[in-house]
Amino acid sequence: MKFNQRLFVLSFLSFGLVACGGSGGGGSNPPPASSSAPVSSSVPSASLVSSSSSSLLASSSIAVTSSSLSSSSSSSELASSSSSAAPVVMVLDMTTGWRGNGTDNSGVNVNSDGVSFTASGDNIGAVTDLAKPIQLEDAVVEMVVNVSAEFKASGANLQIFAQIKGGSWAGEWNCWSGNELFTAGTDITLTCTINEDDKKFNQTDSDVQIGIQAKGTPTGTVTIKSGKVTLKQTASSSSSTGSVYSANVNRLSELADFTIGVAVSNNDSPAYNILTNASEKAVVEKHFEQMTAGNIMKMSYLQNTQGTFTFANADAFVDYAASKNMTVHGHALVWHSDYQVPQFMKNWSGSAADFITALKTHVTTVVDHFEAKGNVVSWDVVNEALTDGSPSTFRADDSIFYKKSGNSAVYIEEAFKAARAAAPTATLYYNDYNIDQNNAKTTRLIEMITDFQARDIPIDGVGFQMHVFMDYPSIDSISNAIKKVVNKGLKVKITELDVSINNPYGNWPASKVASFTQASALDQKKRYCEIVKAYLDNVPAAQRGGISVWGTTDANTWLNDLYKTQFNNEKISWPLLFDNNYNDKPALRGFADALQGIPCTNL
Ligand code: XIL
């Protein structure tokens with residue numbers, strides 16, 4: 001489901017400025033505002049922008065921020081960090097995600113002014129969610145509110161608060177704005193610093209709800225016109241700073257109208273086994289709706305000995321996906337890469353015709369088996385069969401399949417035909433790397449597609465692996481390649497997206513990025529955003545096969561192994577959406593920005 005967020009331009013025509021905690025008095029530590037509130041809203045409630053990236057934060061609002069901070073104890077720290085790095089500002093979305101809090105609340109009214117509630121009693125107000133992980137300690141919450149004449153006359157007060165959802169619903173209750181501060185029908189900016197001593201608002205376990213509620217014996221209406229939360233942290237990656245970054249994305253896959261997937265392991269990588277590692281499960285279940293097996297559906301994992309199929313691990317993997325309502329992208333039926341080609345195929349001494357029969361038996365048996373499960377919806381039928389450099393179209397000397405098929409690429413079409421026969425409705429992809437950047441290879445790809453289509457070979461789409469770098473290939477190059485496939489009427493799926501910070505094939509090691517700095521993290525955010533945007537811009541909705549990232553965290557990216565030699569064993573690609581501790585990286589925000597139509601920036 002696609003969800004468009006709106007960024008707001010605050011009206012600063014008429015407002016006062018009130019820091020919390022000072023005026024009004026009374027009412028300290030009231031009961032939890034909404035201990036009975038449902039833990040619901042799966043829709044993101046805030047977007048995240050840097051303080052300089054949005055018209056919201058035009059000069060007048062920056063003045064507001066700094067003057068409101070000057071009276072708080074955290075101001076100097078935030079001010080000094082913001083001189084070297086932009087603070088993270090989460091702009092609250094006033095169009096969705098809000099609900100009433102407190103007993104007998106009649107709910108909120110989302111209107112063109114913002115979010116209104118009828119202040120019918122003590123502790124009645126409106127709340128919205130900030131998704132975990134969130135580092136809210138020492139953050140400044142700012143809300144522009146407007147009260148009705150009746151509310152002013154009732155003498156009631158307002159209180160901005162934050163509350164950890166679930167458990168004991170611990171709250172921040174120190175902010176208070178007394179009735180004398182309000183003028184009916186006039187915007188006023190209220191601020192509240194979250195400054196609990198025990199840092200309990202730095203949450204990885206629970207979402208936090210923030211809101212504003214009436215205090216005393218209120219009547220009348222309160223409208224929250226806009227809001228933002230300025231985090232103390234800066235927009236750097238948690239892996240470099242030790243702080244927790246929140247991309248404020250409740251569920252990445254909900255932001256897209258196409259499938260968002262991720263490659264995961266089970267027993268091929270025990271430490272990161274999706275079936276046993278709770279952190280893997282949590283991040284996969286939270287953000288993704290499709291899984292690809294990183295290895296265990298490759299040939300030797302399923303048929304290491306001719307005629308003996310071993311499905312137990314893959315079954316557990318596919319069944320787990322089904323139990324979480326996730327589909328599976330099958331990867332890969334035929335791939336030349338030596339480590340996963342069964343010995344019996346490498347040693348094949350029979351005829352080419354018999355080899356092709358054996359290959360088809362593999363495809364048919366595997367696809368048949370998973371067809372019965374119902375949630376394996378697409379396949380990489382053949383992976384990486386095109387050459388990179390030589391004038392020939394197809395990989396030859398380094399492909400067992402080519403050689404054993406009688407020095408012929410006929411195995412490719414035979415695999416597609418067998419897959420189609422076994423799975424009439426699955427989407428069948430040809431998958432490869434560098435087809436987004438190597439013109440000659442892309443041309444060969446298009447020639448193959450043209451030939452297949454002319455001869456009714458059943459190919460439905462092209463998988464772009466998209467293992468890319470920060471600076472290469474260009475977005476133009478990616479877009480042009482995608483367009484060529486789109487023009488053939490095929491689906492386009494980005495099957496293995498990762499964006500390596502370092503490029504061992506580039507100006508290496510002169511250009512080495514030795515640590516994952518804030519600057520790198522934000523550049524990567526922009527790059528992810530631009531790639532996803534290129535996909536959206538160039539692939540019509542009906543031809544979108546989806547986007548999958550190749551792994552969850554930077555700790556277990558395949559590039560750590562691939563680049564071992566080049567990087568002298570340093571793990572310095574940092575290519576994925578989550579850091580070593582499963583915290584969001586700015587890259588996740590970048591991915592979401594593109595899906596939400598928010599401009600791609602490195603701010
Ligand atoms: C990689 C796996 O992630 C690694 O664990 C394994 O050691 C090698 O293969 N293109 C593909 C994937 O199509 O199958 C590869 O997966 C990554 C490159």
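How many nonpolar, polar and charged residues are in the lining of the largest pocket? The structure is a predicted model, and in it this lining divides into 16 nonpolar, 16 polar and 9 charged residues. The pocket itself holds about 1,000 Å³ of space. Its lining is made up of 41 residues, and those closest to the centre of the pocket are Trp 550, Thr 557, Trp 558, Leu 559 and Leu 562. Three elements each contribute at least two residues to the lining: strand β16 (260–264), strand β23 (467–469) and helix α15 (559–562). Of these, α15 gives the most, with 4 residues.

The loop between β23 and α13 (475–487) contains Pro 473. The peptide bond that runs from Tyr 472 to Pro 473 is cis, with omega near -5 degrees.

Two packed helices are described by the angle between their axes and the distance between the axes. Helix α12 (residues 439–454) and α13 have axes that come within 10 Å and cross at roughly 10 degrees. Angles under 35 degrees count as roughly parallel, and α12 and α13 are therefore roughly parallel to each other. On the α12 side, the contact is made by Asn 439, Thr 442, Leu 445 and Ile 446, and on the α13 side by Ala 481, Lys 484 and Val 485. By class, this contact of α12 with α13 has 4 nonpolar, 2 polar and 1 charged residues.

Helix α13 also packs with α14. The axes of α13 and α14 come within 9 Å, with a crossing of roughly 30 degrees, so α13 is roughly parallel to α14. The crossing of these two helices is right-handed. From α13, the residues Ile 475, Ile 478, Ser 479, Ile 482, Lys 483 and Val 486 meet Arg 527, Glu 530, Ile 531, Ala 534, Tyr 535 and Asn 538 of α14. The contact of α13 with α14 comprises 7 nonpolar, 2 polar and 3 charged residues.

Helix α14 (residues 518–538) has a further partner in helix α16 (residues 586–595), where the packing angle is about 30 degrees and the axes are 7 Å apart. That angle makes α14 roughly parallel to α16. The crossing of α14 and α16 is right-handed. To this contact α14 brings Ala 521, Leu 522, Gln 524, Lys 525, Tyr 528, Cys 529, Val 532, Lys 533 and Leu 536, while α16 brings Pro 586, Ala 587, Arg 589, Gly 590, Phe 591, Asp 593, Ala 594 and Leu 595. Sorted by class, the residues of the contact of α14 with α16 are 11 nonpolar, 2 polar and 4 charged.

Some backbone features remain, in loops between strands. What kind of peptide bond joins His 331 and Ala 332? The bond is cis, and omega is about -10 degrees. Ala 332 belongs to the loop between β18 (327–330) and β19 (334–335). Another loop, between β10 (157–164) and β11 (171–172), holds Trp 169. Phi of Trp 169 is near 55 degrees, a positive value in a residue other than glycine.

Terms used: Residues are numbered from 1 along each chain as its sequence is written. This is a predicted model: local features need pLDDT of at least 70, side-chain atom pairs count only at pLDDT 80 or more; totals for chains, interfaces and linings use all residues. Side-chain values use heavy atoms; hydrogens and water are left out. Axes are lines fitted to C-alpha atoms, for helices over the stretch in contact, and angles run from 0 to 180 degrees between N-to-C directions. Angles under 35 degrees count as roughly parallel, over 145 as roughly antiparallel, 65 to 115 as roughly perpendicular and the rest as oblique. A crossing is left-handed if the near helix is turned anticlockwise from the far one by less than a right angle, and right-handed if clockwise. Contact means heavy atoms within 4.5 Å. Ala, Val, Leu, Ile, Met, Phe, Trp, Tyr, Cys and Pro count as nonpolar, Asp, Glu, Lys and Arg as charged, and the others, Gly among them, as polar. On a 1 Å grid over the protein atoms alone, a cavity is a set of points where a 1.4 Å probe fits but cannot get out, and a pocket is an open set with protein on both sides within 12 Å along at least five of seven lines; lining residues have an atom within 4 Å of a point. Grid points are joined across faces, edges and corners, and a volume is the space filled by probe spheres set on the points.
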